[in-house]
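Please keep the sequence and the structure in view while reading.

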Amino acid sequence: MSDAAQTQGEDSFVHGEAVVRDPTGLHARPAVKLTKLAKSFEAKVEIRGGGNGPWINAKSPNAVMKMKAGFGETLGVRASGAQAHDAVAALVGLIERNFDG
Amino acid sequence: MAEAVSERVFTGLSAAKGLVIGTLVIEAAAHQGGRQAGSSPEERKALEDAIVLAGRELEALAAKAGDLGAEILEFQSALLEDEDFLALSFAKIEAGGPAHEAWATALDGEVAEYRAGDDDYFKARAEDLLDLKDRVLRSLFGTQTEAPAQMEKDTVLLAEDLTPSRFLELQGPSLRGAAILGGSPTGHVAILARAHGVPLVVGLNARLDSALHGAPAVLDAKAGKLIVAPGQDALAAAKDRLDALATDRRAWEDLIARPAVTGGGTAVQVSINLDDPALLDSLPPEHCDGIGLTRTEFLFSGGHLPGEDAQFGVYKRLLDWAAGRPVTIRTLDAGGDKPIPGVTPVGETNPFLGVRGLRLSLRHPEIFAVQLRALARAAALGPLKVMVPMVTVPDEMARVRVLLDRALADLAAAGIAHARPALGMMIEVPAAALNAGSFAADFFSIGSNDLVQYLTASARDNPAVASLADARNPAVLETIRRCVDAARAKGIEISLCGDMASDPDLLPLLLDCGLRSLSVAPAQLGPVKLAIHRQLGTGGRHG
């Protein structure tokens, strides 16, 4: 999917994008799943909503919830440090799979 | 003494329907102890220990809470492992605050953020934070979770408020119903109560009076009513209704998985109205003849405009669930009582007579085209029907057909799999109802809510004219009859998908108008099928 394309930004971050597919948006359950996955990587992992919202810590369920990301919204994912590529690919994959599995 | 209490009636909002006769158990608010604050490092350690203890309690509770309960508690557990979130409290301790004040202030600040804005989901999550706040404070103060209040057999609980975790602690065979002074119908406790079949009234207009403890009580949660110490009449009425409900339920449980047929042998199609696809997880498709109305407004909630792929994914899910049964999807019906920020017009003096439904879609062809393309793609996967709301004149349907043709041509040119869906219209506007024969539509579906409000010129959300907005008005029934005749003359299907179809008492009238297809609220499938079954004779002109 073009949504899942990764690009190397001008900074040291690896970037990716994915669209929220659940009609009810990014709610508690997916937010917890996403942060648990982010925590499994050493890299610093960040996420943002609405294309150009502020970057927030993808390892904080509270912060991810407070993004209030809605259905159809494009989320940005970025990571830096060890396993940064893997972390972005894993998070983008989880969102694209609609948090299934 | 309970015997001395005379009948008292309290009212609130229905959060989980049901009727129960039981004994009132009053739970007083948990007592908060005091504690001596130490040095900053000691306070930090105290909070860390309290968090570990609270985490263990949540884990133990989740293990026996069932899937839904565990899912709700999971968010609280995750917060206890959220370093950024906990850092808010630890920073306040570094600044010299006692642990309990640091935790309480930090949590209150977060609760305020969840409650800000107008998203009910996030407002309801504030409950989880307050629940967690209490649990950690109890650990800090050393007041362990109190033992459940003395539960009676057939307890009707009356409490100031109920947290999700407290509900899960009390939930069991003794807890037959609850009424709380706080709460909301969309909160987690309400969701849990509905899932566990525990009747619940929230926002009860009462004071906790310990003199009422142990009194007999009737909780009529559907009506949002708690009757304490019911008199003989109220008690007898409740008993009669319980008996009738049990008899009906047994009867419709036998019928619900079978096609609906009247006592006179006339088959009636019964489909469902769908507001939220999540509901399909708990509904066997065998219970209905498909989806008669999908309200796609949920896709646009919060003002988001869903993309084509995302919409296609949702439509596919509906077709997968229906397993070959027809799925009718209504195009966006915004405006009137359903505004979408940035799309629906602002400042109309009479939104119900303004730019809503199809009128809005024709003004925003760029939004409409995305939905039509997603629908045409999904139509390649199964029997999908497209239904257009708020049609007034035949030219509007002609314009929709042009837009649909264009979407089909674009998909063909791009080599994307698609099929032409049946294109039908809702009949809600009297001008369309009386001129139905002139419309080029593949099917009709009567939207009785709007049709009744437009025919009687009585707003459906205004209690002062509610008695005039009467579905039994002969003008309403005559209009329905004419629509059925027009559909028969054209040789197309006609159904009715408003609230009228969900009311078993109105069923004989609808059959008498010639209708043989209804789309009802999912919870009404059983009662409506029972009403059809009990309908004797040929049931109307076309029987």
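Strand S7 (residues 216–220) of chain B is mostly covered, with four of its five residues buried. The model is a predicted one.

**Strand pairing**

| Strand paired with S7(B) | Sense | Bridges |
|---|---|---|
| S3(B), residues 19–27 | antiparallel | five |
| S8(B), residues 225–228 | antiparallel | four |

B:Asp220 of S7(B) stands opposite B:Leu19, and in S8(B) its bridge partner is B:Lys225. The hairpin formed by S7(B) and S8(B) has four residues between the strands, and in it B:Gly224 adopts a positive phi near 65 degrees.

**Two helices of chain B**

The axes of helix H1 (residues 40–63) and H2(B) come within 10 Å and cross at roughly 165 degrees. Because angles over 145 degrees count as roughly antiparallel, H1(B) is roughly antiparallel to H2(B). The crossing is left-handed. Residues of H1(B) that meet H2(B) include B:Ile51, B:Leu58 and B:Leu61, while those on the H2(B) side include B:Ala70, B:Leu73 and B:Leu80. By class, this contact has eight nonpolar, three polar and two charged residues.

**Contact between the chains**

Chain B contributes 26 residues to the contact and chain A contributes 21 residues. On the side of chain B that touches chain A, the elements giving two or more residues are H2(B), H3(B), H4(B), H5(B) and H9(B). H2(B) gives the most, with five residues. This side of chain B has 14 nonpolar, four polar and eight charged residues.

How values were computed. Residues numbered from 1 in each chain as written. Chains lettered and ligands numbered in written order. Predicted model: local features only at pLDDT ≥ 70, side-chain atom pairs only at ≥ 80, totals over all residues. Contact = placed C-beta atoms within 7 Å. Nonpolar A, V, L, I, M, F, W, Y, C, P; charged D, E, K, R; others polar. Axes fitted to C-alpha atoms, helices over the stretch in contact; angles between N-to-C directions. Parallel < 35°, antiparallel > 145°, perpendicular 65-115°, else oblique. Left-handed = near helix turned anticlockwise from the far one by under 90°. Buried ≥ 20, exposed ≤ 12 C-beta atoms within 10 Å, placed from the backbone. Pairing = 2+ DSSP bridges.
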